[in-house]
Amino acid sequence: MNTSERTPRVVACMPTYKAETFIEPTLQSLAAQTYANLQVLISDDASPDGSFDLCRRFAEGRPQFEVHRQARNLGWIGNVNWLLEHAEAEYVFFAFHDDPLEPGYVQALVEALERSPDAVLAFTDAIVDFRGESESWVRPMSYTDLEGLGSARERLAVLAQRTGLWWLPNRGLFRKSAALRVGGMRRHLGGEFCADWPWLLHLSLLGSFTRVPQPLVRKVWSHEGLSKSWRWSAHKRIAVTLACLREILRADLPLNERMRLAADFSGYWVVRWALSAARSVARATRS
């Protein structure tokens, strides 16, 4: 891409809540992006700490930063959807408040999408920074399972399994037009639990994902983080699975294709649950 001829507008959507102690490195990484046509849209979800004031002070003298404070707590999904609604751009990404980016992150992903008109999302490899209570480690990691998959059915077969670094594309850049077709994230019978999985699965039905093989995002796993507090249960597993099925059935695709994809997805999980039940019976028999 020749940036002197075309620099599509990009908006970084940054939902914040109780992030005062760790958000500044991510703000610095957004300010250091080399891409020229970038706006950083921050929405603080009525944090009880100093998150909003810190972001507001950081934005002073930086016209590409725009900071809002919600009058009441919307919840994570409500805050994300507010950002998506107000992001006026061709390309959008979620700037999660504890995941700093390398300076060339936006530039590399815009170029990847410009090269791939059939792709709806581009993502990079990551440096995974695990900070547990008993151990810590840092290592580069990648997610290659979606490479070369040209059909919605193939991508569904991968993301339905939710294995490996399936969440890494959610740190990517996506077309605003695709987000409008999805209609934002949705709560389900399990609330907000793992709501990024149905969202990402729905996006994958609308077009391919392209990978930039460079570690341009640092994913920080902290025992204090939201995702580390998730506790899977039978109820939540069923709730999120049904949410995925709902996204398939409401996708902007021909009815016959939606029905075929829904049947595929249901089949994957019937087999998965059957195998899990068989293993449980085998363990009980051995004991």
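**View 1. Helices H1 and H2 run roughly parallel to each other in this predicted model.** H1 covers residues 24-31 and H2 covers residues 51-59. Their axes come within 11 Å and cross at roughly 25°. Angles under 35 degrees count as roughly parallel, so the label applies to H1 and H2. The crossing is right-handed. H1 brings Leu27, Gln28 and Ala31 to the contact. H2 meets them with Leu54, Cys55 and Phe58. By class, five of the contact residues are nonpolar, one is polar and none is charged.

**View 2. Helix H5 packs against helix H7 at an angle of about 160°.** H5 spans residues 152-159, and H7 spans residues 196-206. Their axes lie 8 Å apart. The angle makes H5 roughly antiparallel to H7, since angles over 145 degrees fall in that class. H5 passes H7 in a right-handed crossing. On the H5 side, the contact is made by Ala152, Arg155, Leu156 and Leu159. On the H7 side, Trp197, Leu200, Leu201, Ser204 and Leu205 take part. Seven nonpolar residues, one polar residue and one charged residue make up this contact. An α-helix has 3.6 residues a turn, so residues three or four places apart point the same way.

**View 3. Helix H7 is mostly covered.** How many of the residues of H7 are buried? The count is 11 of 11. Leucines on this list include Leu200, Leu201, Leu203, Leu205 and Leu206. Trp197, Pro198 and Trp199 are buried as well. The buried residues also include Asp196, His202 and Ser204.

**View 4. Arg231 sits in the loop between strand E8 and helix H8.** E8 runs over 208-222, and H8 runs over 234-250. Is Arg231 buried or exposed? Arg231 has a relative accessible area of 55%. The cut-off for exposed is over 50%, so Arg231 is exposed. Leaving aside residues up to four places away in sequence, Arg231 touches Phe193 and Lys236. Arg231 and Phe193 are 38 residues apart in sequence. In space, their C-alpha atoms are 9.0 Å apart.

**View 5. The whole chain holds nine helices and eight strands.** The chain has 287 residues, and 51% of them are buried. Its accessible surface comes to about 13400 Å². Carbon and sulfur atoms account for 51% of that surface. Among contacts with a separation of 6 or more, 80% join residues 24 or more positions apart.

Key: Residues are numbered from 1 along each chain as its sequence is written. This is a predicted model: local features need pLDDT of at least 70, side-chain atom pairs count only at pLDDT 80 or more; totals for chains, interfaces and linings use all residues. Side-chain values use heavy atoms; hydrogens and water are left out. Axes are lines fitted to C-alpha atoms, for helices over the stretch in contact, and angles run from 0 to 180 degrees between N-to-C directions. Helices (H or I, at least four residues) and strands (E, at least two) are DSSP runs, numbered from the N terminus. Angles under 35 degrees count as roughly parallel, over 145 as roughly antiparallel, 65 to 115 as roughly perpendicular and the rest as oblique. A crossing is left-handed if the near helix is turned anticlockwise from the far one by less than a right angle, and right-handed if clockwise. Contact means heavy atoms within 4.5 Å. Ala, Val, Leu, Ile, Met, Phe, Trp, Tyr, Cys and Pro count as nonpolar, Asp, Glu, Lys and Arg as charged, and the others, Gly among them, as polar. Buried means under 20% relative accessible area, exposed over 50%, partly exposed in between (1.4 Å probe, protein chains only). Accessible areas come from the Shrake-Rupley method with a 1.4 Å probe; for residues, only the protein chains shown count as cover.
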